[in-house]
Amino acid sequence: MDQIHHALLATLSPNQAEREAAEGALKALAGTPGYLSTLFGLVSSAEAKPEVRQAGAILFKNLVVKHWENKPAADPSKQDPDDLIFAEEDKQNIRQHLLESLVNAVPQTRPQIVECVRRIAGADYPAKLPNFLQQIASWLEPSHSPHQLFAAALALRALVKNYEYKSQERRLPLNDIMALTFPRLVHLMEATLSAPPADEAAAETMKVVIKTLHSCIHQSVPLYMQSGDVFMTWMGLLYRAIERPVPPEVAGGEGQDPVELSKSVFWKAKRWGAQIMHRLEQKYGNPKTAEKQFKDRPGEVALSRAFHDQLASRFLQLFMNTLSTKVQGSFLPDRFTVESLKYIVISVSLSVTWKDLQPNVMPLVCYVLFPMLCFDSKDSELWEDDPQEFIRKTYDVMEDYTSPRVAGCDLILALCEKRTKHCMMPILEFCASEIQKYQQGEGDPRRKDGALYVIGSLHEQLESKKNKAQYAQQLNWLLQQHAFPELKSPHGHLRGRACWMLSQFVRTIEGDAVFFQTVVTSVMELLRDQELPVRFQAAVALRLLIYDQRNSCAREAVSGMVGSVLPNLLQELFNLMDELGSDELVTTMEVLIESYAEQMGPYAQGLCERLSHHFLKLASLSGEEADEESSLAACQCCSAITTLLESIRKTPEIYRALEASLIPLLQKVFSPDEPGGDYSHMEFMEDCLEILTYLTYYSPTISHGLWSLFKPLTQSFFDWAVDYLQDINMPLDNYISRGTEGFLSNPEHVTTVYKMIEFVFTNADTNEKDCIEGCKLAESIVLNCVGRIDGCVQGIISLVVDRLIQGTVKKDLLRTELLKTLANCLYYNAAATLSVLEHKQATGPALQTLFTAIMVSEEKEAESGDKVQAKTHFRGVHDKKVVILGLSAVIRVPSAQLPPTVQSGVGHIVAALTTLLQDIEEAKKRRAEREAAEEEEEE
């Protein structure tokens with residue numbers, strides 16, 4: 001233990017060499033018997049320093065996560081050298097002391113130990129932990145110490161969390177687990193609820209118990225809890241937990257940090273309780289829905305009725321009362337507020353809760369929800385101090401799940417959509433009154449911001465066929481008199497909000513061409529606003545204002561006007577992209593490229609250079625600088641480049657000029673960070689393969705620069721990108737078919753492609769889909785290099801025969817592709833192909849399989865509904881032609897050079913050719929009939 005202790009302590013040294021030596025020593029010890037249990041003991045030892053225990057806990061957790069379930073391979077030669085196999089004696093020693101390790105854990109090590117308990121229980125319970133549940137239940141008895149009770153609660157949560165997302169059948173063990181432990185948990189919850197409000201240890205235990213309940217019922221309520229008494233008991237406990245006041249020190253007040261308050265265990269317990277209630281109402285709030293969803297689960301249907309009749313309104317009142325405290329300025333954490341609002345959103349649709357909600361709607365909207373939606377002091381501070389972060393938060397998808405503002409807006413939308421008659425007009429009138437106050441000089445610009453946000457969020461309802469006539473006049477007045485003027489507001493946040501709102505109502509605005517053009521001109525001017533968030537919002541709004549998504553083109557009223565300033569507009573967007581890495585900006589760029597495709601030629605080179613530069617900048621970010629937003633923006637750059645390449649197809653000479661900026665981008669994605677190292681940009685592989693496909697297909701010739709990508713492209717296949725073979729095949733086929741001489745000029749090219757085909761045919765990890773792609777690659781190289789790759793073709797024949805005759809073929813599609821590959825080889829050199837087949841004693845079986853595939857058909861339903869016979873193989877005209885060419889090549893071989901099997905089967909070959917020719921004529925006839933029917937329908 002001393003040796004491990006010293007090594008762990010050294011891993012914390014500021015000296016890098018000392019740290020690396022210690023990490024190496026620990027790694028060398030990892031596989032030795034006794035090491036894991038010794039490390040486990042050190043983590044639990046009160047004599048070790050806390051920082052050493054924490055380092056040990058992290059190491060122990062990593063070892064458990066990576067290696068606990070490893071087993072010795074039946075064939076030692078196939079054992080992964082990186083796998084550690086822990087001695088069963090070590091593992092058993094750890095299993096026996098799991099609960100004790102939780103008792104001895106300190107705050108620095110507890111999360112790692114709990115995760116280890118979960119992993120070990122997930123792998124070994126109940127087979128190798130037969131007494132684990134009984135031990136937990138025993139420790140949950142009130143006679144045990146608070147530390148033991150807490151440890152047992154943690155262990156139970158770790159155990160049941162393994163069932164949280166499992167299917168209904170695999171969750172069945174929860175019934176036995178809950179039946180033994182939950183009666184004891186009821187007593188534990190009662191004890192925590194009876195403890196003094198400021199008892200933090202009791203609150204921590206309460207939180208763990210509530211999280212345990214959440215894991216058990218997240219997917220569905222198990223049979224054990226479907227008993228009315230049990231379910232109602234737990235609902236009563238949750239009600240009390242949510243209702244219970246928090247200690248004054250975390251209740252919020254002058255000078256207290258809301259972020260720190262939200263981390264308090266007292267609020268976390270409440271939030272988990274609210275999350276459970278939201279989930280239960282979502283799943284069981286509507287008995288009619290439950291009757292349809294749980295036809296064969298009567299217990300859950302009965303539970304839904306009980307929830308609807310006895311609990312839905314009661315908890316609605318609880319959440320409404322809690323939220324109402326915000327009116328007096330009381331603190332509520334964001335996450336708790338969000339869960340409460342989500343509960344009310346569902347309550348809007350239920351008649352039983354709507355009765356209670358209806359008389360309180362407008363007070364709720366005016367005094368609770370509306371203040372959440374307004375631009376506030378936190379927004380102002382972030383706008384001034386970190387505008388990039390303000391923008392990120394505004395467009396962060398994750399904010400939809402954690403933001404009270406988004407949840408509050410969702411509730412208003414639900415009220416106006418589900419209860420339009422009662423809610424729409426009062427809410428609009430309230431917003432209009434706020435706007436009027438501001439117009440008269442009595443209002444707050446922040447409250448006008450909130451009013452515009454509410455109305456803009458209702459754009460779908462207000463512009464719907466059902467409501468459009470009723471609100472059209474007021475809406476036009478609002479947009480022209482109160483939204484548009486704010487584009488020149490002295491308040492930056494109102495300029496941004498006006499941009500956003502006007503873009504939401506583009507369908508209304510475009511009805512007045514003059515006003516529409518004025519709006520677009522004003523928004524374009526805001527691309528040069530002094531405030532970054534305003535410039536950003538203007539760029540996003542322009543996309544919605546300019547682009548007609550239904551027709552995939554620029555809106556007619558502004559198309560010419562925007563086109564006339566296109567160079568300046570593109571430049572302003574690039575200036576913004578240099579300041580901010582956002583996929584929203586690149587999407588606007590992509591929309592402009594698509595909308596003005598015919599005008600892109602003169603700007604193509606500059607656009608490619610800037611987009612490529614922007615991609616390389618975003619892709620080079622690492623550590624804290626790298627985030628999901630930058631990754632999405634980089635991906636969107638690739639998409640914009642693809643759109644640009646598509647737009648210039650009619651001017652292929654431009655492609656060559658783009659290579660200088662695009663090849664470095666492709667090189668970065670196709671290559672490892674260092675020789676033999678990791679590939680850091682794998683997520684962009686698919687997009688970059690599409691870019692390379694455009695370049696290799698549309699460029700007049702394949703340049704030396706494009707050929708420089710051949711090696712890294714194929715090497716990435718062998719290193720990691722086997723699953724991308726379908727996408728890799730497209731540029732590879734272009735290299736082979738459009739640059740045949742360049743391909744053949746380097747023997748390594750042919751060898752590499754053959755090795756790729758061989759890999760997918762012989763590697764144990766590849767599947768039939770991979771083999772199909774291997775056949776397509778083989779077709780490309782065989783048909784494009786006739787007479788020049790004899791050795792390669794012989795290898796391909798052997799691979800096909802081994803798979804077709806001696807291997808397993810499950811799908812007709814793979815059999816078709818294998819037979820097509822064989823036919824291609826016959827076309828390449830029939831005599832040589834037959835010679836290889838003879839050598840492998842496969843001539844007869846191979847030809848018999850081919851003849852059978854040509855003849856076999858199955859009954860299918862045609863578009864008319866009639867039953868027809870359809871071929872199971874070689875369904876397409878191309879497939880049939882390939883086989884015809886292959887068999888025709890056999891017939892052209894002098895009879896004396898044919899193997900006896902083939903000589904005696906020439907009649908079968910002729911019959912097969914006749915059948916295929918007849919099938920082609922029939923296919924042409926059906927195509928002509930189909931085209932004639934389509935023309936008649938158009939007329």
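The protein chain of this predicted model holds 51 helices and 4 strands. Its C-alpha trace extends over about 100 × 80 × 65 Å along the principal axes. Of its 939 residues, 51% count as buried. If you look at contacts between residues at least 6 apart in sequence, 71% of them link residues at least 24 apart.

Let's turn to the domains. The chain is divided into domain 1, made of residues 1-68 + 81-125, and domain 2, made of residues 785-857 + 869-938. Taken over C-alpha atoms, the centres of domain 1 and domain 2 lie 61 Å apart.

Now for a pair of helices. Helix α21 covers residues 387-394 and helix α31 covers residues 532-546; their axes come within 9 Å and cross at roughly 35°. On the α21 side, the contact is made by Pro 387, Gln 388, Phe 390 and Ile 391, while α31 brings Leu 532, Pro 533 and Phe 536.

Find Lys 211 in helix α11, which runs over residues 200-217. Is Lys 211 buried or exposed, and which side chain of opposite charge is nearest? Lys 211 is buried, and the nearest such side chain is that of Glu 204, 7.1 Å away. A salt bridge needs a side-chain nitrogen of Lys or Arg within 4 Å of a carboxyl oxygen of Asp or Glu, and Lys 211 has none. Leaving aside residues up to four places away in sequence, Lys 211 touches Arg 157 and Trp 272.

How values were computed: Residues numbered from 1 in each chain as written. Predicted model: local features only at pLDDT ≥ 70, side-chain atom pairs only at ≥ 80, totals over all residues. Heavy atoms only, no water. Axes fitted to C-alpha atoms, helices over the stretch in contact; angles between N-to-C directions. Helix = DSSP H or I, 4+ residues; strand = E, 2+ residues; numbered from the N terminus. Contact = heavy atoms within 4.5 Å. Domains from an automatic or database assignment. Buried < 20%, exposed > 50% of the residue type's maximum accessible area, 1.4 Å probe, protein only. Lys, Arg positive; Asp, Glu negative; His and termini not counted.
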